Amino acid sequence: ENSAKVGAKMMERLKTIAAKYDVIGDVRGLGLMIGVEIVKNKKTGAQADTEMREKLIQECFKRGLLFLGCGASTVRICPPLTMTEAQAMVALDIFEEALKSL
């Protein structure tokens with residue numbers, strides 16, 4: 001139940017973030033297992049950007065948030081199932097700060 005509730009809030013927030021940044025091509029997931037695809041430019045339909053994804057993961061790590069890559073260009077978000085909504089929003093604040101720094 002918590003996974004569905006918090007995951008829905010995270011997806012909603014990530015979709016809002018994705019609308020602001022051209023490097024986010026897609027946000028997909030179920031519950032708390034979420035993937036954020038990083039692309040060269042979603043407006044031009046440019047391909048996956050592994051280098052940018054790795055930079056983003058490193059910027060998140062510098063700020064205390066651990067994400068892993070998945071496939072060629074996806075950031076994997078897979079937190080504990082007991083994560084609260086407040087904790088999720090702090091993580092997404094860090095994620096967006098890292099995006100702004102790129």
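1. The structure is predicted, with local features needing pLDDT of at least 70 and side-chain atom pairs counting only at pLDDT 80 or more, while totals for chains, interfaces and linings use all residues. Residues are numbered from 1 along each chain as its sequence is written, and side-chain values use heavy atoms, leaving out hydrogens and water.

2. Confidence. The pLDDT score is the predictor's confidence in each residue, from 0 to 100. For the protein chain its mean is 95, and 99% of the residues reach 70 or more. Strand S1 (residues 24-30) has the lowest confidence, at a mean of 95, and H3 the highest, at 98. Helices (H or I, at least four residues) and strands (E, at least two) are DSSP runs, numbered from the N terminus.

3. H1 against H3. The axes of helix H1 (residues 2-20) and helix H3 (residues 85-101) come within 10 Å and cross at roughly 20°. Axes here are lines fitted to C-alpha atoms, for helices over the stretch in contact, and angles run from 0 to 180 degrees between N-to-C directions. H1 and H3 are therefore roughly parallel to each other (angles under 35 degrees count as roughly parallel, over 145 as roughly antiparallel, 65 to 115 as roughly perpendicular and the rest as oblique). On the H1 side, the contact (heavy atoms within 4.5 Å) includes Val6, Met10 and Leu14, and on the H3 side Ala88, Leu92 and Phe95 are among the residues involved.

4. H2 against H3. H2 and H3 pack with their axes 9 Å apart, at an angle of about 125°, and are therefore oblique to each other. Leu56, Glu59 and Cys60 of H2 meet Ile94, Phe95, Ala98, Leu99 and Ser101 of H3.

5. The aromatic pair. Rings of Phe, Tyr and Trp (its six-membered ring) pair if their centres lie within 6.5 Å; planes under 30 degrees apart count as stacked, over 60 as edge-to-face and the rest as tilted. The count comes to one aromatic pair by this rule. Phenylalanine 67 and phenylalanine 95 have ring centres 5.8 Å apart and planes at 75°, so the pair is edge-to-face. It links distant parts of the chain, 28 residues apart: phenylalanine 67 sits in the loop between helix H2 (50-62) and strand S3 (68-70), and phenylalanine 95 in helix H3.
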